[in-house]
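User: I would like to go through the side-chain contacts of one model. Please show the sequence and structure.

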Amino acid sequence: MTLNDLAASLHQKSGFGGARLEAITFAAAIGMSRYAGAEHQTYFKQRFAETIEKLSSSDALDVVGFVAKEAGIQPSPSGFDTI
């Protein structure tokens, strides 16, 4: 699967385009790159960080929310994260 194939698939799932699509594509590539070696992981982590830094706060939250949902991560119950 190429990055273009991955981006097309993620676009269909998320409805994102532009920088948000680029960010989730690099996030997915990080997970896939664990089989390709450390240099690939480093590259995709760097590209994800660069991309997420360019997003507005709300777009970054959209990206993080989508990635978390796809990874099966649920938000903590209300009041659970307080001490």
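User: Which residues does Ser14 touch, not counting residues up to four places away in sequence?

Analyst: This is a predicted model, in which local features need pLDDT of at least 70, side-chain atom pairs count only at pLDDT 80 or more, and totals for chains, interfaces and linings use all residues. Residues are numbered from 1 along each chain as its sequence is written, and side-chain values use heavy atoms, with hydrogens and water left out. Contact means heavy atoms within 4.5 Å. On that basis, Ser14 touches Ile24 and Phe66.

User: How are the rings of Phe26 and Phe44 arranged?

Analyst: The structure holds 3 aromatic pairs, where ring centres of Phe, Tyr or Trp (its six-membered ring) lie within 6.5 Å, and planes under 30 degrees apart count as stacked, over 60 as edge-to-face and the rest as tilted. For Phe26 and Phe44 the centres are 6.1 Å apart and the planes at 35 degrees, so the pair is tilted.

User: How many residues apart in sequence are the parts that this pair ties together?

Analyst: Both Phe26 and Phe44 are buried, meaning under 20% relative accessible area with a 1.4 Å probe, protein chains only. Phe26 lies in helix α2 and Phe44 in helix α3 (residues 38–54), so the parts tied together are apart in sequence by 18 residues.

Note on methods: Helices (H or I, at least four residues) and strands (E, at least two) are DSSP runs, numbered from the N terminus. Buried means under 20% relative accessible area, exposed over 50%, partly exposed in between (1.4 Å probe, protein chains only).
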